[in-house]
Amino acid sequence: MSAYVIRRLLSVVPITIGVMLITFFVFRVVGGNPAYRIAGKNATPARIAQISHERGYDKPLFLNFRQFPTQLLDAQFPQLCSNLLRLDFGRSFVTKQRVSTMLREGVGPSLCVTTPLFFIELFLGVGLALLAAYYRNTWIDRSLVLLSVMGMSISSLVYIMLAQYWLASVWRLFPVWGFESPRYLILPVLVGVIAGVGGELRFYRTVMLDEMYQDYVRTARAKGVSSRGILFHHVLRNALIPILTNVIIAIPFLYTGALLLENFFGIPGLGRLTVMALFNFDDDVVFATTFIGSIMFVLFNALTDIAYTWADPRIRLK
Amino acid sequence: MMPSSRLLALLSAGAIIATAISCGPVFTSDSADKGNTLCRVGGDFKGFDPVDAVDVESAREVSYVYEGLLEYAYLDRPYHPIPRLTQGMPDISSDGLTYTFKIKPGVRFIDDPCFPGGKGREVVAADFVYSFKRVLDPHLESQGDWIFAGHVLGADDWVKEIGAINGPVDYSVPLPGFQATDKYTLQIQLAKPYPQLLYVLTMCYAFVVPHEAVEFYGQQFRRHPVGTGPFRLKSWRPNYRLEYERNPTFNGQTYPSTGEPGDRAAGLLDDAGKPLPLVDRIVEYDIREFYTVWQMFLGGRIFSSGLSKDYFEKAIAPDLSLSPDLVRRGIRLYKVPEPSTDYIGFNMLDSAVGVSTDPVINERHRKLRQAFASAIDVKKYVEVIFNNRYMPANSFIPPGVAGHTDKPYAYEFNLERAKQLIAEAGFPGGRDEHGNALRLTMILPGAGSTGARQEADFYEEALRAIGVELIVQQLSFAEYLRREHDGETQVFWGAWIIDYPDAQNFLQLFYGPNKCPGINACNYQNPAFDRQYERILTMADSPERTALYEQMADMTTTDCVWALLDYRLEYGLYQPWFQNYKPHGFPYPNGKYYKVLPH
């Protein structure tokens, strides 16, 4: 298994380089030299040249063939990769703060929303899926499926706007916007759960029903095990692998934040930071969030595979 | 396999621990509900370093906590600078090259740990010398260096010398143009007359900062303002919320007792003579979604709201007055003209649309530019793209600035005339003598945005009506700036927001020596224009100078260097409990005049 883990960990390198290459292409090649934006409308050529030089924007984009082979990597993209590897994320040209500080300040608020959202969605999704599976093909099952499909079909923007208008503005049950106390989190979490639980329910229900028709369930039933016993002791246990996949792969997104919820409800987290960086073409912030996001995604993918062996000892990783 | 009950217990524990850890230390308490507080919406903000106050939001935040030598009178019009941290307006030498300011004694920086004993010290002339040098320091990348560069004696040499230093900059390196001749006397020496100096000294770039704070906080200086302004920063959570409280050591400024006719009747002089600021606290929320802003405004949590395109029709009746529902709530509407002009520029060095040494071709190209301008239905443009929120422009100098006239625009939309002009330019029906369609390329910023796409479609359709094939390239802002800066354009969309209330700020965009890579992005070169520009540079405000401004505007109109589009209008809604608001073209430090009634 250790060889497998090492192989998976090493795969972080090409995947992250690939992701960064695409991001770099969009922001530096298509987006142009940021020195013009930093220097502003009254800039002199000397000022632009100086900013370009200080920030390395005057170097070749990918490889420096002019100084081959000694300085081949003295170019913008290799420099960016080197900085990111050293966790030097640079400075936002919009806020002029260090990106690492901005990320550090954003993680907490993001987790404040995404963590309860994640667990409530998980428990509710699995719980309702078990209920639907237990009462499969009855009105309870059909109603749950109908509600989940309806929930999935409506854009989360609609939920946000309805919640802000009715629950916050008209009925004043919650604050419209803000991040002052746990009370401010109730509405974004509620909206996130309503918008997301439909998909979870559909997924887990399918997983449960797949298990319900397995031979071991028929055997258990023949041995006289109750339906509830079968569901909780056999089906749920055997459905762990897809549940684990779904759960672990979602963990990186807890850190990257909930883009829409954070933006609409004023949660100063990483999702909001990323959205604003994209709007402002704030490339250093985008490079940092993309870099961290891609590494976490690959690592948690590997972790999912490892978790399979823990959940089901029959699985061997080669 | 792991029993599901254990997994459930593990997940539950994880949920509780993770939520507790993530939420525990991050909340801040909101004091917005406490009494005399002004709550508003802020925006992107570069921090509290005056040298970075290039945008509206940064300028406003910096103006709460820092001040400069001069500021604009709040109620008087036309806009004019008045003393703020000086004892009076400066003495100006007869050659217009030396400005002497007497600093007000007794003005103190706020108390802060950066000072010995934590006690704020008195502001002296040397602080201004230090602060002005920071604006010029190339390592700080200030976009405001133009206010001194090229104007102040020795500034350019100083920049070169300092720019060559790798490492900490030594501000004791003398700069002949900035001299503190004694504790309270500041002298600015210019390389050439620069009457606009008084205007640029009102800008945030020229605000005074103590060197102790810059040295004490280092990279964190932008998060720790140490100024003399009416407020001091209480808390700042980036991307979320700012809170200011009254500065207890603010230097005795009072509400103005004079204004324009009508100000008294409007209640704008009711607080004359009262000590500033009038509110105890300002809270700013960083809200980006307009829907949320709207809900907060209707809920009375913020004192004002702008109007996005999508909400314009909900709030504004067809006659551009406030909707009856909002009138019933006591909400007031202000239409504030932004001192700016949007236009389409032509590169005068381009072989297809620019000037030529051959007078016949030159005249044809001029007719081509005029045809382009006449083909754009600007009234329809502002209606379709901006819901009539903007006004069609008739002069490149916006209303309210000396030199603006009410003369109708020479190239108002007239399709028949545009067709005739394009034919006279040698392209009847938009085709040359070989039957090939005339193809022009235009650039505009905002790649990927809906607004840019709508505008591009509009221009292409307008030119198609006269047979011209216009290709509009939507570029990222950086690439757009580069192309404009380097003169790699044929036709380009442009906008200029005036930096100070003097048309010279616009006229510089047509001055020959400012051609690319300077700010004359059209590369317009007209010796007669340049001569007049050099004349007005040294003239103080006078009817003679205004007449020259008008003549120069006429020259650029005749040559059709720009096809004019619009003047921007900002629509603002205000709560009935918000008082003392008067629209202002340069409103950044005005928070100290605003008043909030109990509500």
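Me: At what angle do the axes of helix H10 and helix H12 of chain B cross?
Reply: This is a predicted model. In it, the axes of helix H10 (residues 359-375) and helix H12 (residues 415-424) of chain B cross at roughly 160° and come within 8 Å.

Me: Are H10(B) and H12(B) then roughly parallel or antiparallel?
Reply: An angle over 145 degrees counts as roughly antiparallel, so H10(B) and H12(B) are roughly antiparallel to each other.

Me: And is the crossing of H10(B) and H12(B) left-handed or right-handed?
Reply: The crossing of these two helices, H10(B) and H12(B), is left-handed.

Me: Which residues of H10(B) and H12(B) meet?
Reply: From H10(B) they are B:Lys367, B:Leu368, B:Gln370, B:Ala371, B:Ser374 and B:Ala375. Their counterparts in H12(B) are B:Leu415, B:Arg417, B:Ala418, B:Leu421, B:Ile422 and B:Glu424. The residues of this contact divide into 7 nonpolar, 2 polar and 3 charged.

Me: Another pair, then. How far apart are the axes of H11(B) and H13(B)?
Reply: The axes of helix H11 (residues 378-386) and helix H13 (residues 450-464) of chain B are 11 Å apart, and the helices pack at an angle of about 155°. That angle makes H11(B) roughly antiparallel to H13(B). The crossing of H11(B) and H13(B) is right-handed.

Me: Which residues make that contact of H11(B) and H13(B)?
Reply: H11(B) brings B:Tyr381, B:Val384 and B:Ile385, while H13(B) brings B:Gln454, B:Glu455 and B:Phe458. By class, the contact of H11(B) with H13(B) has 4 nonpolar, 1 polar and 1 charged residues.

Me: Stepping back, which domains does the assignment give for chain B?
Reply: Domain 1 of chain B covers 1-66 + 229-337 + 572-599, domain 2 covers 70-216, and domain 3 covers 340-567. The centres of domain 1 and domain 2 of chain B, taken over C-alpha atoms, are separated by 30 Å.

Me: How many residues does the contact take from domain 1 and domain 2 of chain B?
Reply: The contact takes 27 residues from domain 1 of chain B and 25 residues from domain 2 of chain B. On the side of domain 1 of chain B that touches domain 2, helix H2 (residues 56-65) gives the most, with 3 residues. That side of domain 1 of chain B has 13 nonpolar, 9 polar and 5 charged residues.

Me: How is chain A divided?
Reply: Chain A is divided into domain 1 (2-85) and domain 2 (99-311). Their centres, over C-alpha atoms, are separated by 35 Å. The contact takes 16 residues from domain 1 of chain A and 13 residues from domain 2 of chain A.

Me: Which element gives the most to the side of domain 1 of chain A that touches domain 2?
Reply: H2(A) does, with 8 residues. The elements that give two or more residues to that side are helix H1 (2-10), helix H2 (12-30) and helix H5 (76-85) of chain A.

Me: What about the two chains together: how many residues does the contact take from each?
Reply: The contact takes 49 residues from chain B and 54 residues from chain A. Helix H1 (4-23), helix H7 (290-298) and helix H14 (477-485) of chain B each supply at least two residues of the side of chain B that touches chain A. That side of chain B has 24 nonpolar, 14 polar and 11 charged residues.

Me: Finally, what ipTM does the predictor give the complex?
Reply: The predictor gives the complex an ipTM of 0.76, along with a pTM of 0.83. Chain B averages a pLDDT of 90, and 94% of the residues score at least 70.

Conventions:
Residues numbered from 1 in each chain as written. Chains lettered and ligands numbered in written order. Predicted model: local features only at pLDDT ≥ 70, side-chain atom pairs only at ≥ 80, totals over all residues. Domains from an automatic or database assignment. Contact = placed C-beta atoms within 7 Å. Helix = DSSP H or I, 4+ residues; strand = E, 2+ residues; numbered from the N terminus. Nonpolar A, V, L, I, M, F, W, Y, C, P; charged D, E, K, R; others polar. Axes fitted to C-alpha atoms, helices over the stretch in contact; angles between N-to-C directions. Parallel < 35°, antiparallel > 145°, perpendicular 65-115°, else oblique. Left-handed = near helix turned anticlockwise from the far one by under 90°. pLDDT = per-residue confidence, 0-100.
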